[in-house]
Amino acid sequence: MKLSLGFSPCPNDTFIFDALVNKKINTGGLDFDVVMADVETLNQWALEGKLDITKLSFGVLSKVLDQYIVLNSGSALGKAVGPLLISNKEIDHVEDYLIAIPGEHTTAHLLFSLAYPNAKNKVFLKYDEIEDFVVSGKGIGVIIHENRFTYESKGLIKILDLGDHWEKKMNSHIPLGGIVVKRSIDNIISLQVDQLIRKSIEYAYEHHSKIPSEFVVNNAQEMSNEVMLKHIDLYVNEYSLDLGEDGKASICKLLNIQQTINNTTNLQLNKIFLCSQANDK
């Protein structure tokens with residue numbers, strides 16, 4: 001059986017999926033038609049229901065729950081992993097500046113909006129264009145992924161850690177992104193995919209925790225090994241192996257906040273998570 005699978009070329013995703021898509025583990029008869037794209041493109045495709053299995057931002061999850069269910073493995077969630085608001089100088093009022101955001105449907109946009117609800121002057125760019133936007137003095141920006149490790153070398157400064165703001169305000173881990181599967185796919189197959197993603201991560205930890213694999217390096221956009229490993233270490237953790245009850249609770253909290261912001265009540269679904277229990281919201 002062949003399933004379409006989308007994830008980003010960022011080191012955390014390629015680290016997670018390397019063993020699976022390159023058949024370094026036994027996939028039990030499943031094949032994957034792999035598409036790699038930036039996370040905002042993946043978010044848009046999720047809204048369109050384009051792929052069977054996909055990485056997405058938890059910021060868009062509430063809009064696709066009619067089509068997709070969240071897998072237990074593969075997520076980016078934790079502490080001190082959130083996006084950063086940066087500038088090329090000290091500023092007093094964020095609302096006075098043009099703000100570059102890495103996609104309208106990203107969790108970064110949601111976290112920024114929670115921190116600065118009155119900041120409306122936004123432009124949506126690909127995540128890897130935002131540093132240059134700020135360096136050139138066009139405005140300030142929200143950075144994600146490996147840019148956390150490079151912005152200071154370009155003379156930029158942090159205005160606010162949006163993840164830290166979320167943690168302190170919500171007393172909750174930061175749910176950034178996860179892996180979802182089409183609800184139309186048989187539950188047994190979805191469970192198999194979930195287990196394979198976990199095995200793929202375990203394989204990566206066993207073989208590539210110190211030196212990135214060729215698959216990671218080839219998709220990392222000329223990143224140094226040091227930055228790649230920092231990226232992986234930050235975004236791949238115990239919640240990537242299994243969300244657990246804490247991880248699920250953090251995601252539900254984010255969904256409830258979205259529901260409040262959007263003044264909607266459209267999240268009353270039987271299941272959000274694969275193999276969810278009666279207490280799942």
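Which element gives the most to the lining of the second largest cavity?

**Figure 1. Overall view of the protein chain in the predicted model.** The chain contains 10 helices and 11 strands. Its radius of gyration is 18 Å, close to the 19 Å that the globule rule gives for 281 residues, so the chain is as compact as a globular protein of that length. The C-alpha trace spans about 55 × 45 × 30 Å along its principal axes. When the whole structure is searched, two cavities of 30 Å³ or more are found.

Figure 2. Two or more lining residues are given by each of the elements β3 (53–57), α3 (107–115) and β11 (174–182). Strand β3 provides the largest share of the lining, namely three residues. By class, the lining of the largest cavity comprises nine nonpolar residues, seven polar residues and one charged residue.

Figure 3. The residues that line the second largest cavity are Leu111, Leu114, Leu162, His165, Trp166, Lys169 and Met170. The elements giving two or more residues to this lining are α3 and α5 (162–170). The opening question is answered here: α5 gives the most to the lining, with five residues. In terms of class, five of the lining residues are nonpolar, one is polar and one is charged.

**Figure 4. Close-up of the packing of helices α3 and α5.** The two helices pack at an angle of about 60°, and their axes are 9 Å apart. Their crossing is left-handed. On the α3 side, the contact is made by Ala108, Leu111, Phe112, Leu114 and Ala115, which meet Leu162, His165, Trp166 and Lys169 of α5. Seven nonpolar residues, one polar residue and one charged residue make up this contact.

**Figure 5. Residues of α3 and α5 shown at both the helix contact and the second largest cavity.** In α3, Leu111 and Leu114 take part in the contact with α5, and Leu111 and Leu114 also line the second largest cavity. In α5, Leu162, His165, Trp166 and Lys169 meet α3, and these four residues are likewise among those lining the second largest cavity. Helix α3 also gives two or more residues to the lining of the largest cavity.

Definitions and conventions:
Residues are numbered from 1 along each chain as its sequence is written. This is a predicted model: local features need pLDDT of at least 70, side-chain atom pairs count only at pLDDT 80 or more; totals for chains, interfaces and linings use all residues. Side-chain values use heavy atoms; hydrogens and water are left out. On a 1 Å grid over the protein atoms alone, a cavity is a set of points where a 1.4 Å probe fits but cannot get out, and a pocket is an open set with protein on both sides within 12 Å along at least five of seven lines; lining residues have an atom within 4 Å of a point. Grid points are joined across faces, edges and corners, and a volume is the space filled by probe spheres set on the points. Helices (H or I, at least four residues) and strands (E, at least two) are DSSP runs, numbered from the N terminus. Ala, Val, Leu, Ile, Met, Phe, Trp, Tyr, Cys and Pro count as nonpolar, Asp, Glu, Lys and Arg as charged, and the others, Gly among them, as polar. Axes are lines fitted to C-alpha atoms, for helices over the stretch in contact, and angles run from 0 to 180 degrees between N-to-C directions. A crossing is left-handed if the near helix is turned anticlockwise from the far one by less than a right angle, and right-handed if clockwise. Contact means heavy atoms within 4.5 Å. The radius of gyration is taken over C-alpha atoms; the globule rule is 2.2 Å times the number of residues to the power 0.38.
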